[in-house]
Amino acid sequence: MADVLTDIWDKILRYLQKHHSQFWRSWLEQVEPISLENGLLRIGVPERSWQQYLKQFCNAGLREAAQRVTGHLVSLEYVLTDGDDLTVSDYEEDTLHNSNLFYFNPDYTFDNFVVGPCNRLSHAACVAVTESPGNTYNPLFIHGSVGLGKTHLMQATCQAILKQTSPAMIVYMSCETFVNDFIRAVEEGNLYDFRHKYRFADLLVIDDIQFLSERERSQEEFFHTFNSLYQGRKQIILSADCPPSQIPRLEDRLVSRFNQGLVTRIDKPDYEMRMAILYKKASLRGIDPPEEVVSLIARKIDSNTRELEGALTKIHGMAMLDDGLITLKLARQSLGEEPTPPHRQITISQIIEAVTDHFDVRLSDLQGKRRSRSIAFPRQICMFLARDLTSHSLEEIGGHFGGRDHTTVLHAYRNIDKLCDNDESIRSMVNSLVTGLTQK
Ligand code: ADP
Ligand code: MG
């Protein structure tokens with residue numbers, strides 16, 4: 001029975017890997033099935049963040065996979081197999097209200113973070129905070145433009161602190177959530193609970209604090225939250241897309257509070273680091289792309305780490321649709337460096353040959369002056385195809401058909417285009433000519 005279950009689970013995983021490759025992570029191999037009874041497949045997961053990842057991102061894919069593999073409707077349940085994490089859930093239930101439950105991304109750990117010249121100080125500061133929250137850099141303020149790893153670093157810090165022997169009470173959220181929470185509390189006359197929640201944290205982590213810009217009442221509230229935690233020597237970590245003094249319309253007293261600890265900047269990664277990040281992301285996804293592919297992506301995409309990852313996801317996805325092999329050719333195609341269909345080499349003579357064949361007219365007719373429909377129509381089709389399938393200019397195309405000028409070619413093109421839109425039989429005739437030409 002156990003073997004049957006393992007076999008089913010393995011097939012489900014392979015299906016997910018192939019059909020939902022963007023969600024595939026190599027740690028999924030470590031997740032084990034517990035039982036399959038009455039249409040319920042129970043899965044054991046050792047990490048809370050994995051459990052959440054499965055629920056949030058993989059559930060639909062896994063259900064679909066389970067149905068394919070077993071031929072039945074199956075629902076899934078993810079059971080935490082490690083009891084050590086309980087403090088977190090106690091904390092969530094007691095301290096946070098359900099609407100505020102936050103789960104960390106299992107990708108965002110220190111192990112998965114590549115350290116280099118552009119982020120060394122920010123990383124070191126986060127590690128130091130992990131070792132002694134509230135005592136080293138307080139507040140820690142990390143800034144840098146979008147996609148450079150601020151959220152990753154902050155979540156890594158939280159996850160590392162949660163793994164410690166006496167985990168702290170962490171309040172982690174985007175500034176937008178803070179602001180919305182505050183507005184709701186004001187509306188509901190519930191400021192007491194709101195304040196209680198924030199001011200009991202051991203660690204307050206607010207992402208994208210620039211969102212406070214111009215929101216005066218939220219700034220006021222945050223100022224008090226900040227002070228109360230700071231005075232209690234609780235750790236505060238903030239991130240923004242610019243340094244404190246450049247956040248538009250942020251009160252001076254907040255700017256000076258934010259500057260009072262350590263302010264660090266994350267810069268764009270250099271080429272070597274981009275390579276290292278790509279290798280790291282590839283190994284997380286259980287893929288092993290050739291070096292030439294990694295260096296192609298690292299050369300092409302140089303501004304934003306999120307896009308780097310996006311390119312890898314796309315190439316991986318394309319490979320999984322086929323034989324799973326990640327090749328340079330595939331990478332070039334997915335980065336738009338190589339046209340996917342190889343049909344640019346078609347010549348006007350080939351077009352003329354196809355059209356004269358189909359309509360049973362002669363080349364001299366197409367090049368002559370006659371305007372009867374039986375000649376003019378095939379001539380227009382030629383011009384249409386020449387414009388779509390070759391890189392000749394309108395003038396050049398006109399030149400091939402009895403020295404007609406570019407407006408005639410354009411007119412022909414628009415005419416056929418319109419006919420294709422309106423007339424099914426013309427559309428299919430043109431399509432079959434195109435297919436014949438491109439597949440030669
Ligand atoms: P930000 O919050 O600064 O906009 P994120 O933390 O969301 O950026 O990072 C965007 C993506 O880039 C994430 O997938 C993150 O894991 C990745 N990333 C950024 N920097 C690094 C790094 N140094 N090592 C590994 N991954 C990184
Ligand atoms: Mg972010």
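**Ligand 1 and its surroundings**

Reader: How far is an oxygen atom of ligand 1 from an N or O atom in the side chain of K150?
Author: This is a predicted model: local features need pLDDT of at least 70, side-chain atom pairs count only at pLDDT 80 or more, and totals for chains, interfaces and linings use all residues; side-chain values use heavy atoms, leaving out hydrogens and water. Residues are numbered from 1 along each chain as its sequence is written, while chains are lettered from A and ligands numbered from 1 in the order written. A polar contact is a pair of N or O atoms within 3.5 Å. For K150, the distance is 2.8 Å.

Reader: How much of the accessible area of ligand 1 does the protein cover?
Author: Accessible area comes from the Shrake-Rupley method with a 1.4 Å probe. On its own, ligand 1 has 550 Å² of it.

Reader: Which elements give two or more residues to the shell around ligand 1?
Author: Helices are DSSP runs (H or I, at least four residues), numbered from the N terminus. The elements giving two or more residues are helix 5 (150–162), helix 10 (271–284) and helix 12 (305–321).

Reader: How many charged residues does the shell around ligand 1 have?
Author: In total, 19 residues surround ligand 1 (a heavy atom within 4 Å), with G147, H152, K281, R306 and E309 the closest. By class, seven are nonpolar and eight polar. Asp, Glu, Lys and Arg count as charged, and the number of charged residues is four.

Reader: Between which domains does ligand 1 lie?
Author: Domain bounds come from an automatic or database assignment, which also includes domain 1 (2–89) and domain 4 (342–438). Two domains both give residues to the shell, so ligand 1 lies between domain 2 (120–266) and domain 3 (271–334).

Notes:
Polar contact = N/O pair within 3.5 Å; in protein donor to acceptor, adjacent residues only side chain to side chain.
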